[in-house]
Amino acid sequence: MNKLFVYRILSFILIPIACIIACIDLLIVLVSLANPAFLMIAFAMACFVIYVATSTRFLLYCIDKGNTCSKSLKDWIKVNAYVTIAITALFLLNSLAIFFIREVDLTKAVTDVLEQQPELTGKVSIDMMLKMVKVMAFVMLFLSSVTLTHISLQFKIWKKYNHLFEA
């Protein structure tokens, strides 16, 4: 299968995910006004959104239409791809850890979290929380796999279309 075809499919999978994350990121930026600790999370999410936006621009404007683009677009993609690689690698490791941890240890961890949240007592069962953790781990695994594959293809495709960047 052609790398560009796979890259295109992954790009269109990432676009709606980036839109959702952009909306969430706006809320996190507002929350970070009261709690600056959230700024790092907002920064990481923004890097993912910027990466998807700039790589999609490269695909649609440069590759598909054959237009030249500025070197700064390549720099935007590259810098945000590096941050996105770091974040998605952490997502991948966390989701794999959840899948490979023993059920007893995962149940104990969820129980400890629920005990530290007294407002959740009686509202959320341990089984429901375990299901939510596993679903979230699956989502993180899917998102990180797609993103890391997309970034890998991005760097490979640059070699073929390097002539589209202005000197």
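Colleague: Hi! How many residues has α1, and how far does α1 reach from its first C-alpha to its last?

Modeller: Helix α1 has 32 residues and reaches 45 Å from first to last C-alpha, close to the 46 Å expected at 1.5 Å a residue. The expected span is 1.5 Å times one less than the number of residues in the helix. Helices here are DSSP runs of H or I with at least four residues, and strands are runs of E with at least two, numbered from the N terminus.

Colleague: Before I go on, what sort of model is this?

Modeller: This is a predicted model, where local features need pLDDT of at least 70 and side-chain atom pairs count only at pLDDT 80 or more, while totals for chains, interfaces and linings use all residues. Residues are numbered from 1 along each chain as its sequence is written, and side-chain values use heavy atoms, with hydrogens and water left out.

Colleague: Thanks. Which residues of α1 are buried?

Modeller: Leu4, Tyr7, Leu10, Ser11, Leu14, Ala18, Ile21, Asp25, Ile28 and Ser32. Buried means under 20% relative accessible area, exposed means over 50%, and partly exposed is in between, with a 1.4 Å probe and protein chains only. An α-helix has 3.6 residues a turn, so residues three or four places apart point the same way.

Colleague: And what covers the buried residues of α1?

Modeller: The cover includes α2 and α5.

Colleague: Now α3. Why does its span agree with what 30 residues should give?

Modeller: At 1.5 Å a residue, α3 should span 44 Å, and its end C-alpha atoms are 43 Å apart, so the two agree. The buried residues of α3 are Leu73, Lys74, Ile77, Asn80, Ala81, Thr84, Thr88 and Ser95, and they pack against α2 and α5.

Colleague: What about Thr88, buried or exposed?

Modeller: Thr88 is buried, with a relative accessible area of 3%. Not counting residues up to four places away in sequence, Thr88 touches Ser144, Thr147 and Leu148.

Colleague: Next, the packing. How many residues has the largest nonpolar core?

Modeller: It has 30 residues, and those with the most contacts inside it are Leu4, Tyr7, Phe48, Phe58, Ile63, Ile157 and Tyr161. The elements giving two or more residues to this core are α1, α2, α3 and α5, and α2 brings the largest share, ten residues. Apart from it lies another core, of five residues, among them Leu106, Val110, Leu114 and Leu130. A nonpolar core is a set of buried Ala, Val, Leu, Ile, Met, Phe, Trp, Tyr and Cys residues joined through side-chain atoms within 4.5 Å.

Colleague: And what is Phe48 in contact with?

Modeller: Beyond neighbours within four places in sequence, Phe48 is in contact with Leu14, Ile17, Ala18, Ile21, Thr84, Leu143 and Thr147.

Colleague: Last topic, pockets. What volume has the largest pocket?

Modeller: About 390 Å³. On a 1 Å grid over the protein atoms alone, a pocket is an open set of points where a 1.4 Å probe fits, with protein on both sides within 12 Å along at least five of seven lines; lining residues have an atom within 4 Å of a point. Points are joined across faces, edges and corners, and the volume is the space filled by probe spheres set on them.

Colleague: Which residues lie nearest its centre?

Modeller: Of the 15 lining residues, Ile21, Met45, Ile87, Phe91 and Leu143 lie nearest the centre of the largest pocket. By class, the lining has 13 nonpolar, two polar and no charged residues.

Conventions: Nonpolar A, V, L, I, M, F, W, Y, C, P; charged D, E, K, R; others polar. Contact = heavy atoms within 4.5 Å.
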